[in-house]
Amino acid sequence: MGHTLSLDTSRPHHEHMDAYLAEPPKGVEVRGGIVVIQEIFGVNAHIRSVADRFAAEGFVAIAPALFDPVQKGVELGYDQEGMTRGVKYISELGLLRPTQDVDVAAKYLAHHFKVKVGTVGYCWGGTIALLAALRLGLPSSSYYGSRDAPFLAEKAKANVIFHFGERDHSIPPEMVEKHRELKPEMDTWVYPADHGFNCDVRASYDEASAKIAWERTRTFFETELA
């Protein structure tokens with residue numbers, strides 16, 4: 001459904017960034033734009049499938065290749081090697097530059113498609129989705145962002161909904177509760193699932209939880225991007 005394009009980031013030594021763009025089918029009303037923010041595994045087949053799914057629902061979706069500043073064309077598997085490489089890339093990148101690159105992708109959608117834009121992010125991308133709402137003013141659906149805690153006290157420029165798995169050992173219950181405590185005006189949902197429950201190519205995939213989270217996310221964007 002989609003295709004890869006190159007975005008101008010207008011920054012020295014990192015002038016262009018690849019992105020996967022998926023547009024709604026002809027005849028389908030465009031409801032808004034979504035920046036799909038990757039896990040630590042790059043813009044792989046799963047992330048492209050998420051963008052395609054949003055497009056099928058009427059959203060223009062773009063998945064920027066956030067690893068491009070350190071390594072082009074990253075598509076990792078969900079094995080130990082993929083995990084090790086992904087952790088290396090995110091430690092080199094930090095969170096500021098990827099958030100800036102999400103802004104580039106969001107502005108591309110807003111300019112070319114004349115739509116309101118939100119973000120959805122998973123794992124590492126879940127925290128970047130939070131930052132996109134706090135700092136860029138983009139409504140965001142954040143899935144199991146394990147690096148949220150230092151930012152929860154920041155004033156938000158847009159609304160966020162949070163999704164967590166109750167069996168996710170990387171995000172203990174007290175951290176989930178911190179979201180409710182510091183962002184009481186935002187919905188924090190907990191599912192009977194593990195980390196990565198939305199990803200249908202991981203062992204931790206939980207179909208029932210993923211379906212409910214998808215419906216909540218879609219409803220959220222239908223409201224926020226209307």
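**Which handedness does the β-α-β unit made by β5, α4 and β6 have?**

The unit formed by β5, α4 and β6 is right-handed. Please keep in mind that this is a predicted model. With that said, let's walk through the sheet, its helices and a few residues worth a look.

## The sheet as a whole

Eight strands make up an open sheet, and their order across it is β1-β2-β4-β3-β5-β6-β7-β8. The pairing is mixed. At the edges sit β1 (3–8) and β8 (187–191), each of which pairs on one side only. From one strand to the next, the twist averages 20°.

As a reminder, strands of a sheet pair through backbone hydrogen bonds, either parallel or antiparallel. The next section follows a run of parallel pairs.

Let's begin with β3 (residues 32–37), which runs parallel to β5 (residues 117–122) and is joined to β5 by five bridges.

On we go to β6: β5 and β6 run parallel and are joined by four bridges. Here Val120 stands opposite Ser141 in β6. Four bridges also link β6 with β7, again in the parallel sense, and Tyr143 stands opposite His163 in β7.

The side chains of β6 deserve a moment of their own. Ser140 and Ser142 point one way from the strand, while Ser141 and Tyr143 point the other way. All four of these residues are buried.

## Helices lying across the sheet

Helix α1 (residues 45–56) lies across β2 (16–22), β3, β4 (59–64) and β5, and runs at about 50° to β2.

Helix α4 (residues 124–136) lies across β3, β5, β6 (140–143) and β7 (160–165). Its direction makes an angle of about 150° with β5. This is the helix that belongs, with β5 and β6, to the right-handed unit from the opening question.

## How α3 meets α4

Two packed helices are described by the angle between their axes and the distance between the axes. For helix α3 (residues 96–113) and α4, the angle is about 65° and the axes are 9 Å apart. Angles of 65 to 115 degrees count as roughly perpendicular, so α3 is roughly perpendicular to α4. Their crossing is right-handed.

Which residues make this meeting? On the α3 side they are Pro98, Thr99, Val102 and Asp103, and on the α4 side Trp124, Ile128, Leu131, Ala132 and Leu136. Leaving aside residues up to four places away in sequence, Thr99 touches Ile128, Leu131 and Leu136. Its relative accessible area is 5%, so Thr99 is buried.

## Two loop residues with positive phi

Lys114 is found in the loop between α3 and β5. Its phi is near 55°, a positive value in a residue other than glycine. Is Lys114 buried or exposed? With 64% relative accessibility, Lys114 counts as exposed.

Cys123 lies in the loop between β5 and α4. Although Cys123 is not a glycine, its phi is positive, at about 60°. The relative accessible area of Cys123 is 9%, and buried means under 20%, so Cys123 is buried.

Methods:
Residues are numbered from 1 along each chain as its sequence is written. This is a predicted model: local features need pLDDT of at least 70, side-chain atom pairs count only at pLDDT 80 or more; totals for chains, interfaces and linings use all residues. Side-chain values use heavy atoms; hydrogens and water are left out. Two strands pair if DSSP finds at least two bridges between them. Axes are lines fitted to C-alpha atoms, for helices over the stretch in contact, and angles run from 0 to 180 degrees between N-to-C directions. Contact means heavy atoms within 4.5 Å. Buried means under 20% relative accessible area, exposed over 50%, partly exposed in between (1.4 Å probe, protein chains only). A crossover is right-handed if, with the strands pointing away from the viewer, the path from the first strand over the helix to the second runs clockwise. Angles under 35 degrees count as roughly parallel, over 145 as roughly antiparallel, 65 to 115 as roughly perpendicular and the rest as oblique. A crossing is left-handed if the near helix is turned anticlockwise from the far one by less than a right angle, and right-handed if clockwise.
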